[in-house]
Amino acid sequence: MQKQEVRAGGEASPGHGGGSPAEQVKALVDLLAGKGSQGTQAPQIFDRSPDLPLEPHGNDARIQRHREALLSRLGLSVVLGEPPARLTSLLLVDGLTDLQLREHDFTQVEVTRGAIRAARTISLDRLFLPLSQVSIPPRISITIGVAGVGKTTLVRHFVHLWARGQLAKEFSMVLPLTFRELNAHERLSAHKLACFACPHLGEPGLAAMALAGALLVLDGLEECKAPLDFNTAACTDPRKEIQLDSLITNIIRGNLFPEVSVWVTSRPGAASQIPVGLVDRMTEIRGFNQEEVQACLEHMFPEDQRLVDWALAQVRAHSALYLMCTVPAFCQLSGLVLAHLYRHQLPPPRTLSEIYSWYFRMALGGEAQGKASPRIEQGSRRLAGTLGRLAFHGLVRRKHVFYEQDLKAFGVEPGLLQMALGGRLLQQEETRGCPAAYCFPHLSLQEFVAASYYYGASRRAIFDLFPDSGVSWPRPGFLSHFRGAVQRAIQAEDGRLDVFLRFLSGLLSPGVNALLAGSLVAAGEHHGCRAQVAGLLQGCLAPEVVVSPRAVNLVRCLQELQHTELACGVEQALQHGGLSRLSRPAHCAALAYLLQVSPACAQEADLSLCLSQAVLRSLLPQLLYCQSLRLDTNQFPDSVMEMLGSVLSGKDCRIQKISLAENQISNKGAKALARSLLVNRSLTALDLRSNSIGPQGAKALADALKINRTLASLSLQSNRIKDDGAKSMAEALTNSRTLCMLHLQKNTIGVMGAQCIADALKQNRSLKTLILSSNSIGDGGTKALAEALKVNQGLEILDLQSNSISDLGVAALMTALCCNETLLSLSLRENSISPDGAQALARALRTNGALKSLDLTANLLHDQGVQAIARAVKENHTLMSLHLQWNFLQAGAAEALGQALQFNRSLTSLDLQENSIGDEGASAVASALRINTALTALYLQAASISTLGAQALAEALVVNRTLEILDLRGNAIGAFGAKALANALKVNSSLRSLNLQENSLGMDGVICVATALSGNHGLQYINLQDNHVGDSVARMIRETIRTHAPRCTVEM
């Protein structure tokens, strides 16, 4: 066994948008089905020049002839271009995830929302090179990707570039083979395999060449006709003919061609056949991102930007459609359908079944007749039926490549495949020296055609249509057959019938029935059984310990059926906090479905105050793929943390943020979460506020942080961790290189705990935010932190609110600020800072050039202290936000601040709420506003301002062009003050928010302000509540404002 060296992208688009829809379908199919068409579909390459390599590897004539043969086979007559970046930079992955091992390709894309795994990337030119100076090149490499993502296109790029001498010069030979070609051989020897890959060299020529340093490429493992069995007998004789699957396993095991490197491409599920111990390197091709989806559509239709914009709008509005468009093949298929709908001014599709129905109809060429519901010619209909039977039986038997004997067995005449229908739904591919192979352009098309066959055949068949039935039981009627299909899909643990069942359900929807009426289905025939099918699907959502992927697929079937009541009901309950009343299995399955598709859940799955333990347990497999998960206030005990810990420990886990605030988590639950952090590689934020983890729980989490390398934010406020817990966290900070935010508010941390944290900060360089508010660190703890700030040059936000800090602690802290160059925000709210402490603050503000926000709310500064601070602000050039609320200030302080504002050009927000500055103070600030061009927010709530102060502020607003927020709540400006402000609003264009709540405006004042808004187009929010206006008048004024200022939000 070899040790794995693993750690920690597009199909070419149709180059034009012209031609009939039938021609476009044919062009698209030719492209997508090019896996075996070596002679006609060449890949894009880096260099557009078709010149051959000037200096072949080793100057060997045979190698030169081999390169020329490869280039000829790939086709040099096609215009070549550069490959997309996603194919030249692959994801270096650590094996297959559980999702990839067990689920359908569609499900993999849907569950992960098309997002790529967090992984390192490796460039195509380093794909087979060592990762480091001490490692060796991989012998067995596997590249995985879902169907249609571009695996074969990648191989062709690689082979073409090697043949031109531009890539992988470490290989003397590259021998590219596809399993479609190899399937034609029942028995084969290793020697004949090499001859088959290089027929132009002949056996003597090949024998004269050493294969050491060669690369054997095996493309499309999922198409191998027999599963690989690595328990077969070993074979070391290169000339002995053995079964194909045995030959492949012996090559991979190194019994044959041990000196040859092997590169296998495969869909994820098929790649699991190769034991992980034999794989040296695994890479993955990612799908399209949003920009690449747009680029694909623009490349398809370069002549019509309006079409592209419309198609993009439809893709973005339909989450399921967007997710599938991350797969290049599906993106191109969808683009073709959307273009047809746009040009014919038809409504956009609502389900995937409608998209495939349109494609199916376009493939028939019926729209050329100009009819809304074209009829299919009888011959094409018969051919569609035989192709459907072939597709269905192939799907059940996991067969996706067909040969002439398969076609004859199901009554498909190869000659008829050149007709419009057959040529676009089943593509013939020439293979080297082998019988022609046939396949559907994409797996999903085979599934749709199979579903359409089953839909029609089940209305006539008496016995079970599934060919692998041991006993053929009578199944009279469509519903009986549909029930059988549901049962088969549920029993298929690998999900291979999931999409087939979705399409089968979708064929019963009103939209698809109207689309295909008179051709493949009878008009209105869905009415008789649609409701029964919906009931059958919901009835299969039986109670489960966990909601399985099969159950979620049944909900998807209901959506394809356009029976949306179940999902819509659960979505409304989710939005309005009513989930606690929905606990039936069907509700759980619908909730699991919404976690995958809901746009709201994509940002954050908020399941607070609504889940029982049983419901949470049933959702655990689905929670793996939520990026952000909020489970606050659910009264979850420690036993639930054990379950969540198992989720966070899962290899597939993609949860980045999880909030478990206000539950019943003790140190035992914290320890369970800590164990998961030892192995989790996705979580970046953990919120455990308002629980009871205590010092022991904090220690467990701290120990995990010493090893964890992804967690960046940890919130432990209100957990009673005390000094011992703070000491443990300090030890973690000493080792951590990733933790950026630590929230320890209200944890009974004293001087000792603060000293431990301060010592850690002297070594830590990653922590950006430290919140120690509502503890008891006092002056001693503050002095220790001050000493740390003299050394630490990483901390940016420090919150010391409500910590019994006096002037002594502030003096030490300000001394540190004189030399600290990184702290941006400092909160000293609710402490005991007097005018003497303010003097120290002023000295620091004069020299510090980094601090941007200073919060001194609820201290004892008085006018004397703020006057000192104001003189410093006059000279400061960096402070942007200053909070002085509730500091016993009067007019003198406001006058000093007003003078400072006339010179300061950095302060953008000033908070003077709950201070009795009066009209005199308000007038002083107003005078500054006439000159100041920096201040954007002014808070004067409950500042003892009356009419005169309001009039002064109004006069300033006439001149000022920068103030955006003015808060005058809880004053007494009266009707005359309101009238003055109303007049100012008629000319002011900068103000965005005005709060006049509780100001005794009366009806006259409110009406004046409301009238002024008709001429003001900048105000976006106004609060006129509690101003002695009756309810009826308030409603009238509210409607008037909404009519004359529709962009302004009003509260009355």
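These notebook entries record what I looked up in the predicted model.

**Basis.** I worked on a predicted model in which local features need pLDDT of at least 70, side-chain atom pairs count only at pLDDT 80 or more, and totals for chains, interfaces and linings use all residues. Residues are numbered from 1 along each chain as its sequence is written, and side-chain values use heavy atoms, with hydrogens and water left out.

**Aromatic pairs.** I looked up the ring pairs and found 20 aromatic pairs in the structure. Rings of Phe, Tyr and Trp (its six-membered ring) pair if their centres lie within 6.5 Å; planes under 30 degrees apart count as stacked, over 60 as edge-to-face and the rest as tilted. I then turned to Phe158 and Trp263, an edge-to-face pair at 5.1 Å centre to centre with 70° between the planes. This pair links distant parts of the chain, with Phe158 in helix H6 (residues 151–163) and Trp263 in strand E8 (residues 261–266), 105 residues apart. Helices (H or I, at least four residues) and strands (E, at least two) are DSSP runs, numbered from the N terminus. I checked accessibility as well: Phe158 is buried at 1% relative accessible area, and Trp263 is buried at 0%. Buried means under 20% relative accessible area, exposed over 50%, and partly exposed in between (1.4 Å probe, protein chains only). I also noted one aromatic cluster formed by Phe106, Phe330, Tyr356, Phe360, Phe448 and Phe503.

**Charges over rings.** I searched for Lys or Arg over a ring, the criterion being NZ of Lys or CZ of Arg within 6 Å of the ring centre and within 35 degrees of the ring normal. The charged end of Arg459 sits over the ring of Tyr455, 4.7 Å from its centre. Lys874 lies over the face of Phe903, 4.4 Å from the ring centre.

**Helices H39 and H40.** I examined how helix H39 (residues 891–901) packs on helix H40 (residues 918–929): the angle is about 0° and the axes are 8 Å apart. Axes are lines fitted to C-alpha atoms, for helices over the stretch in contact, and angles run from 0 to 180 degrees between N-to-C directions. H39 is therefore roughly parallel to H40 (under 35 degrees; over 145 is roughly antiparallel, 65 to 115 roughly perpendicular, the rest oblique). From H39 the contact (heavy atoms within 4.5 Å) draws on Ala891, Ala894, Glu895, Gly898 and Leu901, and from H40 on Glu920, Gly921, Ala924, Val925 and Ala928.

**Loop residues.** I looked up backbone phi next. Most residues other than glycine have a negative phi. Gln562, however, has a positive phi of about 60°; I located Gln562 in the loop between helix H25 (549–560) and helix H26 (565–575), where Gln562 is buried at 16%. Glu662 also has a positive phi, near 55°. Glu662 lies in the loop between strand E15 (657–659) and helix H31 (667–677) and is partly exposed at 38%.

I then checked Gln801, in the loop between strand E20 (797–799) and helix H36 (807–817). Gln801 is buried at 17% and touches Ser773, Ser774, Ser827, Arg829, Glu830 and Asn831, not counting residues up to four places away in sequence.

My last entry concerns Ile462, in the loop between helix H20 (443–457) and helix H21 (478–491). Ile462 is exposed at 54%, and its C-alpha atom is separated by 9.7 Å from that of Ser480, 18 residues apart along the chain.
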